[in-house]
Amino acid sequence: ELSLKELEPLVDAFTCSSRGIADFVRTVVKKPVYYIPDRVNLDIISKQKQHKGLAKKVGWFGYYHNAKVVLPSVLPSLSKLGLKLVVISNNKFNPSSDYGVEIENRMFDWEVFKDDLLYCDIILNPVPLTIGKFKYKSNNKSIIAWASGLPIANTKEKLEQYIKSEEREKEALEKYELVKDKYSIDTSIKEFKDIIKKICETKKIVLQ
């Protein structure tokens with residue numbers, strides 16, 4: 001396991017992708033700790049979902065061990081709304097009770113991941129009742145979905161709202177503008193450059 005105290009003498013600063021991780025690292029090390037959110041390259045995620053008609057498929061993507069924690073509790077809502085669940089993960093999600101929900105498992109593969117996302121109408125990102133380690137997670141899943149023109153639903157109410165294509169389109173356009181404004185990788189590049197510049201000024205190093 002990585003020891004932050006052993007690593008500390010070798011670096012000038014630490015960067016973290018979530019506030020939870022940054023807050024924890026600050027309790028361990030004395031070097032500066034910066035929070036730089038996960039962001040996306042909009043040149044790579046260049047295609048957005050075109051919303052038409054009523055939603056039929058909701059997607060979830062992530063590691064299988066997280067799927068086992070968060071997905072069983074949303075199945076009753078999906079059943080009532082007549083929605084199909086598409087799980088994009090490193091293993092198949094086969095719950096003991098599916099509540100009559102049709103579940104399609106797709107193995108996570110970066111080569112086809114963008115197409116798998118666009119196959120869905122809404123992306124699920126439910127928050128577990130017991131937060132625990134989830135407080136350390138970044139919001140990268142939401143950002144990826146928004147960049148792909150897909151609304152995020154983390155409650156039953158949001159699922160119901162996004163059944164209509166007009167609501168999905170409205171949310172998708174709004175969140176895509178947010179991604180362009182705050183979550184483009186260009187912003188991360190600037191923040192990293194600013195940190196490097198600050199470190200160099202502190203150590204009196206002249207940048208070439």
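Which residue in S5 does Leu85 stand opposite? Leu85 stands opposite Ile103 in S5.

This report describes a predicted model, in which local features need pLDDT of at least 70, side-chain atom pairs count only at pLDDT 80 or more, and totals for chains, interfaces and linings use all residues. Residues are numbered from 1 along each chain as its sequence is written, and side-chain values use heavy atoms, with hydrogens and water left out.

**Overall chain**

The protein chain has 9 helices and 7 strands; these are DSSP runs numbered from the N terminus, helices being H or I of at least four residues and strands E of at least two. Of its 208 residues, 41% count as buried, where buried means under 20% relative accessible area, exposed over 50%, and partly exposed in between (1.4 Å probe, protein chains only). Further totals for the chain are tabulated here.

| Property of the protein chain | Value |
|---|---|
| Box filled by the C-alpha atoms, along the principal axes | roughly 65 × 35 × 30 Å |
| Accessible surface (Shrake-Rupley method, 1.4 Å probe) | about 12700 Å² |
| Part of that surface belonging to carbon and sulfur atoms | 53% |

Contact means heavy atoms within 4.5 Å. Among contacts between residues at least 6 apart in sequence, 64% join residues at least 24 apart.

**The sheet**

An open sheet of 5 strands runs in the order S5-S4-S3-S6-S7, with parallel pairing; two strands pair if DSSP finds at least two bridges between them. Strand S5 (103–107) and strand S7 (152–153) are the edge strands, each pairing on one side only. Strand S4 (residues 84–89) runs parallel to S5 and is joined to S5 by 5 bridges.

The loop between S4 and S5 contains Tyr99. Although Tyr99 is not a glycine, its phi is positive, at about 55 degrees. Tyr99 counts as partly exposed because its relative accessibility is 45%.

**Helix H8**

Helix H8 (residues 165–182) has 18 residues, which at 1.5 Å a residue should span 26 Å; the end C-alpha atoms are 25 Å apart, which agrees. The expected span is 1.5 Å times one less than the number of residues.

Ser165, Arg168, Glu171, Ala172, Lys175 and Val179 are buried in H8. Seen down the helix axis, these buried residues fall within an arc of 125 degrees, so they line one face of H8; the arc is that of the directions from the axis to the C-beta atoms. They pack against strand S6 (122–124) and helix H6 (140–147). The face of H8 turned away from the buried side carries the exposed residues Glu166, Lys170, Leu173 and Asp181.
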